Amino acid sequence: MAMAAEDIERLIVAALPDSEVTIRDLAGDGDHYAAHVVCPAFVGKTRVAQHKLVYDALGRRMGGELHALQLTTAVPN
């Protein structure tokens, strides 16, 4: 079962309300996405900790509904 880009964005924003999320469907199949997330909650956190926050927002959907996510994170300028 595929996952819509809007659902990915909704889940991330629900968990990280001040985030700016950009989602791209990499393969057109609803299973392979790239996400760029900019969030003030990332300030002072390692890249690994930033990614964990995003993956936690997606919960068990990773590896199931959402097969692959190419993730980049950043703090606001």
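Let's start in helix α1, where Asp7 and Arg10 sit three residues apart, about one turn of the helix. Helices here are DSSP runs of H or I with at least four residues, strands are runs of E with at least two, and both are numbered from the N terminus. What you're looking at is a predicted model, where local features need pLDDT of at least 70 and side-chain atom pairs count only at pLDDT 80 or more, while totals for chains, interfaces and linings use all residues. Residues are numbered from 1 along each chain as its sequence is written, and side-chain values use heavy atoms, leaving out hydrogens and water.

Back to that pair: the side chains of Asp7 and Arg10 form a salt bridge, at 3.7 Å from N to O. The term stands for a side-chain nitrogen of Lys or Arg within 4 Å of a carboxyl oxygen of Asp or Glu. Asp7 is partly exposed at 31% relative accessibility, and Arg10 is partly exposed too, at 48%. On this scale, buried means under 20% relative accessible area, exposed means over 50%, and partly exposed is in between (1.4 Å probe, protein chains only).

Now for the sheet. It is open, has three strands in the order β1-β2-β3, and its pairing is mixed. Two strands count as paired if DSSP finds at least two bridges between them. The edges belong to β1 and β3, each of which pairs on one side only. On average, and ignoring direction, neighbouring strands are turned by 15 degrees against each other. For such angles, axes are lines fitted to C-alpha atoms (for helices, over the stretch in contact), and values run from 0 to 180 degrees between N-to-C directions.

Take β1 (residues 20-25) first: six bridges tie this strand to β2, and the two run antiparallel. Thr22, for instance, has His36 in β2 as its bridge partner. Six residues lie between the strands of this hairpin, and Gly28 takes a positive phi near 75 degrees there.

How many residues of strand β2 are buried? Five of the seven in this stretch, 32-38, so the strand is mostly covered. On its other pairing, β2 meets β3 (residues 68-74) through seven bridges, this time running parallel.

Helix α1 (residues 5-15) touches β1 and β2, and its direction makes about 155 degrees with that of β1. Contact here means heavy atoms within 4.5 Å. Helix α2, meanwhile, lies across β2 and β3 and runs at about 130 degrees to β3.

Let's zoom in on α2. One of its residues is Gln50, which is buried, with a relative accessible area of 5%. Setting aside residues up to four places away in sequence, Gln50 touches Phe42, Lys45, Thr73, Ala74 and Val75. Asp56 and Lys52 also lie in α2, four residues apart, about one turn of the helix. They form a salt bridge, with the closest N and O atoms 2.9 Å apart. Asp56 is partly exposed, with a relative accessible area of 48%, and Lys52 counts as partly exposed at 48%.

The salt bridge count comes to three. Among them is the one where Arg61 and Glu65 meet, at 3.9 Å from N to O. Arg61 is partly exposed at 30%, and Glu65 is partly exposed at 31%.
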